[in-house]
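Student: Please take me through one part of this model in close detail. I would like the contact between the two chains, and what packs around it.

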Number of protein chains: 2
Amino acid sequence: MNTAFFNSRASVRSFSSEKHLDRETLDCLLAAATHAPTTGNMQLYNVIVSTDGAAKERLTELHLGQPAARNCDALLTFCADVRRFGKWCVARHAENSLANAGGRLTAIIDATIFAQQFVTAAEQAGLGCVYLGTVTYNIEGFCKALGIPEGGDVIPLFSVAVGYPTEECVFKPSDRLPLDAVVSRDTYHDADNADIDAYYAEKEQREDSARFIAENNKSTLAQVYSEVRYPKELNLSLGRQLMQAIAYSE
Amino acid sequence: MNTAFFNSRASVRSFSSEKHLDRETLDCLLAAATHAPTTGNMQLYNVIVSTDGAAKERLTELHLGQPAARNCDALLTFCADVRRFGKWCVARHAENSLANAGGRLTAIIDATIFAQQFVTAAEQAGLGCVYLGTVTYNIEGFCKALGIPEGGDVIPLFSVAVGYPTEECVFKPSDRLPLDAVVSRDTYHDADNADIDAYYAEKEQREDSARFIAENNKSTLAQVYSEVRYPKELNLSLGRQLMQAIAYSE
């Protein structure tokens, strides 16, 4: 069995200025991704494609200046979408059953499966991609910039920046936790302190981890993650925004 | 560019009784999938692997009797998981920043990306998979059956049934909406009635659609989807369960 592609892939954040993604290729990859699994074949998603320089520039600002948003060939913002399905229901004298939290959460899963299938299809075609999770830091800003109707029936979740990798790009797969950390057998394995030590040992011993700790003036790597990169205030804020959209009711 | 794999893939619901998935192969595929993109390299997920006949039988009941859950070689239940990360934080004198709605919603996206990468790796290795969305119909039942701790820090989202396809299995990709239905250019394209007619025309004209309408005693295909398969009551119920887990606070 050959899993080499999966084991060696890596996100790409800098893109070629010489080789560019054309619309035909992009559409071919998007069409391929629509064949990903989807709940009841409902395809509860929409992806907004930004290729224009000025549009990418506006979105780059919303993405807190991340250069990949500006330098990619296409910035794709994936949305959970129950709105099109709802319009179909209304037009066909059917109850609009998904315009609620259950429907929207299903759509979040649908949109994410679609996005990941796109990323894999693109990567296997020689393109490079990176997810930008900063959409949920400011859902209202992205909705305004992308003309997304108010209410929760279309929720932007994240963007994916796509382009050909620069020639200098070295695919260095990120370190990952040992398999035991993320796989349970039969029932959920609730880690104890010895497990935690074992799961995170390699990550904590990496050279760059020591650098992150020093740079951020912290004493442990976990503090860098939970107090600098993904602090509680940020998570409370993005939770409020997403929950408001998911629970929206007219 | 070759997107043939993606365009011709299909979910598999019946599995070979002769060729079986062994643990080494499964672990190799799961390890490959851990290299999928993940928020800040935090891997906010856990997958619970059920291969034992009695365990699969119990889960099949919770999956409303769907035969794929019983007949697969491995039933994988993918969970959004901020618990392991939280334990790491506590053990390393760091604030547990993700035990809230924002962290859990991020984990839902992380777990789904991981699951879809597993599905693609498995399918490209000749296995067949099908997502079973019925986990969120009864989150409490799945938590009990799988030993998932109470609270919202581990949320089972869906199962994926895996095995080798039967020899008679014909890969017939599901119909999909035209690309315009799910792709917007520059800004969100808010469909009007003419768009809706165009998007759904092919689906509505399929022979099996006429059969579904007749079997369910409905007058439109949208009614079959929204009043029989995915009715409002079901969505309200699964929305309540998921929102309760996501918003859980001690």
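Tutor: Start with a helix. In this predicted model, the cover over the buried residues of α2(A) includes β1 (45-50), β2 (74-81) and α6 (101-124) of chain A, along with α1 (4-8) and β5 (183-185) of chain B. Helix α2 of chain A spans residues 23-33. Its buried residues are T25(A), L26(A), D27(A), L29(A), L30(A), A32(A) and A33(A).

Now the whole interface. Chain A puts 110 residues into the contact, and chain B puts in 109. About 10,000 Å² is buried between chain A and chain B. Carbon and sulfur atoms give 61% of that area. On the chain A side, W88(A), R176(A) and Y188(A) supply 9% of the area buried against chain B, more than any other three residues.

Next, the polar terms. Residue pairs in polar contact between chain A and chain B number 67, with both partners at pLDDT 80 or more. The side of chain A that touches chain B draws most on α6(A), which gives 14 residues. By class, that side holds 57 nonpolar, 34 polar and 19 charged residues. Salt bridges across the interface come to 10. In one salt bridge, R92(A) meets D197(B), with the closest N and O atoms 2.8 Å apart.

Strands also cross between the chains. β5 of chain A (residues 183-185) runs parallel to β1 of chain B (residues 45-50), and three bridges join them. S184(A) has I48(B) as its bridge partner in β1(B).

Conventions: Residues are numbered from 1 along each chain as its sequence is written. Chains are lettered from A and ligands numbered from 1 in the order in which they are written. This is a predicted model: local features need pLDDT of at least 70, side-chain atom pairs count only at pLDDT 80 or more; totals for chains, interfaces and linings use all residues. Side-chain values use heavy atoms; hydrogens and water are left out. Buried means under 20% relative accessible area, exposed over 50%, partly exposed in between (1.4 Å probe, protein chains only). Helices (H or I, at least four residues) and strands (E, at least two) are DSSP runs, numbered from the N terminus. Contact means heavy atoms within 4.5 Å. Buried area is the accessible area (1.4 Å probe) that two parts lose on being put together, summed over both. A salt bridge is a side-chain nitrogen of Lys or Arg within 4 Å of a carboxyl oxygen of Asp or Glu. A polar contact is a pair of N or O atoms within 3.5 Å; within protein, one must be able to donate a hydrogen and the other to accept it, and residues adjacent in sequence count only if both atoms are side-chain atoms. Ala, Val, Leu, Ile, Met, Phe, Trp, Tyr, Cys and Pro count as nonpolar, Asp, Glu, Lys and Arg as charged, and the others, Gly among them, as polar. Two strands pair if DSSP finds at least two bridges between them.
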